[in-house]
Amino acid sequence: MQQPNKTAEWEQLLKLAAQPRDLRQLFSQQPSRGTDYSLQAGDIFLDYSKNLIDDEVLQALFGLARAQNLEARRDAMFAGEHINATEDRSVLHVALRDQSNQSKNVDGSDVHQQVRTVLDQMTDFSTAIRDKSWTGYTGKPIKNVVNIGIGGSDLGPVMASEALKFYSQRDIHIDFISNIDATQFAEVTRNLDPAETLFIIASKTFTTDETMTNARSARQWTLDSLQDDAAIAKHFVAVSTNAEEVSKFGIDTANMFEFWDWVGGRYSMTSAIGLAVMISIGPDNFHELLKGFYAMDEHFRTASLEQNQPVLLALLGIWYTNFNGAQTEAILPYDQYLHRLPAYLQQASMESNGKRVDLQGNPVSYSTAPVLWGEPGTNGQHAFYQLIHQGTQLIPCDFIGFVNSLNPVGEHHPKLTANLFAQTEALAFGKTADEVRAEGVGEVLVNHKVFTGNKPSNTILAEKLTPNVLGQLIALYEHKIFAQGVIWNINSFDQWGVELGKVLAKTIYSELSDSTKQPAHDSSTNNLIARYQKQHR
């Protein structure tokens with residue numbers, strides 16, 4: 001593998017980027033552009049026509065992908081090869097949702113059988129919670145399920161639970177605790193009855209500091225009410241691989257749901273990490289979610305690069321990040337159920353591809369992951385769209401919408417969809433000074449009301465938000481991120497950048513708790529520690 005900026009294709013793209021492209025002109029020259037530059041895969045329709053590209057740019061981008069061996073790396077991932085080189089691991093989140101029923105031996109184990117075993121365990125347990133046959137220590141049914149995790153053990157289940165709330169069993173309340181800030185724990189548990197509450201402790205090692213701090217508080221909160229250590233086994237389950245620590249905590253290891261080191265945290269939602277989701281929406285809907293993931297997995301695995309939705313999104317992102325100076329991307333879902341999607345994709349992209357060295361450990365001299373952010377429409381239109389339309393930064397946008405609403409009330413959904421389509425049109429084509437003058441605007445205000453346009457966007461459209469469609473949508477972005485990592489020649493599956501702050505925090509915690517210790521940090525950190533010690537009560 002090589003750094004991409006050493007390739008002839010990269011040089012060609014630099015030359016192409018120096019040639020200005022105007023969307024008004026591109027659409028005028030190619031009247032069928034809206035259909036020529038669109039692609040259906042499963043239930044997902046992608047319109048990428050409103051991008052600053054032409055056939056020459058696309059061919060150069062596909063050439064770059066091939067120069068970086070994207071197809072071979074894709075095949076290696078699906079085959080279970082150890083493509084996570086820095087941790088010497090397979091990357092097999094795709095096996096979690098594989099519907100082929102074919103065995104796959106990786107490192108001497110049939111991973112498909114392992115996955116099926118855990119899915120069956122999850123199905124039995126979630127059914128027992130939902131049909132009330134599992135009861136708490138006092139015999140009361142479980143009405144509240146609280147998932148305690150952080151990072152990939154939180155963001156995925158939170159996003160999916162919110163996205164699929166329409167399909168949830170409403171007599172079971174699902175909530176999440178991730179922040180070590182006690183405020184979240186206090187507010188989530190404030191009105192809950194411990195006798196009716198189940199905690200899912202999601203930590204692969206069962207040693208993650210934030211998660212276990214919250215877990216210990218949950219344990220004490222439960223015991224303060226139920227007054228018997230035996231109650232823990234009826235009100236706590238674990239998603240972990242550390243049976244010894246799970247047992248020490250008081251959780252029956254029969255209620256420990258396993259996952260594996262070939263599943264990265266931010267790709268783990270379809271593993272046992274999704275237990276809270278399955279309890280919420282039921283096993284049948286959860287399996288529909290898996291089928292959706294698998295459909296997009298198969299599309300990514302088998303489609304040519306030119307007809308491959310994740311690859312197209314990846315290459316468009318690289319075109320803007322590496323050749324057009326974009327530093328951010330906006331994810332703009334026009335569905336309130338997807339309000340946590342931008343946060344989920346932030347981790348998926350920025351933790352995966354926020355890297356400064358390549359696979360060989362050499363510093364890179366090109367941009368990798370852009371900053372990803374977003375908000376649901378139409379809220380964002382009254383917040384930050386001003387900057388996207390008339391600001392000085394280039395911000396590529398993904399607009400995500402659905403033809404039919406799950407909650408058809410009056411004229412809400414047609415108006416929502418009209419805003420979605422209108423925003424992509426306005427960004428692409430803008431409004432010229434002459435068009436402003438034709439509206440009778442005085443000359444002093446003309447420049448203020450000009451929209452330069454030429455702002456790129458993708459439109460992602462599906463008929464309706466279902467569990468299956470959500471699976472397709474998330475897998476679309478997962479594979480986009482992987483494809484970008486391959487082209488940038490970086491490891492998308494480690495995250496060493498989260499470690500340093502954790503190590504330093506342990507030292508500082510011991511110093512905050514013991515005023516006799518003399519901190520040996522920089523003057524700023526020392527002063528902050530001293531100020532905390534003086535004022536803390």
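What volume does the largest cavity have? About 110 Å³.

1. **Basis.** This is a predicted model, in which local features need pLDDT of at least 70 and side-chain atom pairs count only at pLDDT 80 or more, while totals for chains, interfaces and linings use all residues. Residues are numbered from 1 along each chain as its sequence is written, and side-chain values use heavy atoms, with hydrogens and water left out.

2. **Cavities.** Rolling a probe the size of a water molecule over the atoms shows where empty space is left. On a 1 Å grid over the protein atoms alone, a cavity is a set of points where a 1.4 Å probe fits but cannot get out. Grid points are joined across faces, edges and corners, and a volume is the space filled by probe spheres set on the points. The structure holds four cavities of 30 Å³ or more.

3. **Lining of the largest cavity.** The largest cavity is lined by 15 residues (lining means an atom within 4 Å of a point). Gly317, Glu329, Pro396, Asp398 and Asn458 lie nearest its centre. Helix H14 (309–323) gives the most, with four residues. Strands E10 (328–333), E12 (397–402) and E13 (457–462) each give two or more. Helices (H or I, at least four residues) and strands (E, at least two) are DSSP runs, numbered from the N terminus. By class, the lining has eight nonpolar, four polar and three charged residues. Here Ala, Val, Leu, Ile, Met, Phe, Trp, Tyr, Cys and Pro count as nonpolar, Asp, Glu, Lys and Arg as charged, and the others, Gly among them, as polar.

4. **Six-stranded sheet.** Six strands form an open sheet with mixed pairing, in the order E1-E2-E13-E12-E10-E11. Two strands pair if DSSP finds at least two bridges between them. E1 (38–41) and E11 (371–374) are the edge strands, each pairing on one side only. The twist averages 20° from one strand to the next. E12 and E13 pair in the parallel sense over six bridges. Asp398 stands opposite Asn458 in E13. Helix H20 (467–488) packs on this sheet, at about 165° to E12.

5. **Five-stranded sheet.** A second open sheet has the order E6-E5-E7-E8-E9, with parallel pairing. Its edge strands are E6 (173–177) and E9 (256–257). E8 (236–239) and E9 pair over two bridges, and Val239 stands opposite Phe257 in E9. Helix H8 (182–189) touches E5, E6 and E7 (contact means heavy atoms within 4.5 Å). Helix H9 lies across E5, E6, E7 and E8, running at about 160° to E7.

6. **A helix pair.** The axes of H5 (70–78) and H13 (283–302) come within 9 Å and cross at roughly 140°. Axes are lines fitted to C-alpha atoms, for helices over the stretch in contact, and angles run from 0 to 180 degrees between N-to-C directions. H5 and H13 are therefore oblique to each other. Angles under 35 degrees count as roughly parallel, over 145 as roughly antiparallel, 65 to 115 as roughly perpendicular and the rest as oblique. Arg74, Met77 and Phe78 in H5 meet Asp297, Phe300 and Arg301 in H13.

7. **Largest pocket.** A pocket is an open set with protein on both sides within 12 Å along at least five of seven lines. About 1400 Å³ of space lies in the largest one. Of its 44 lining residues, the closest to the centre are Ile150, Thr208, Val498, Glu499 and Lys502. Helix H21 gives the largest share, nine residues.
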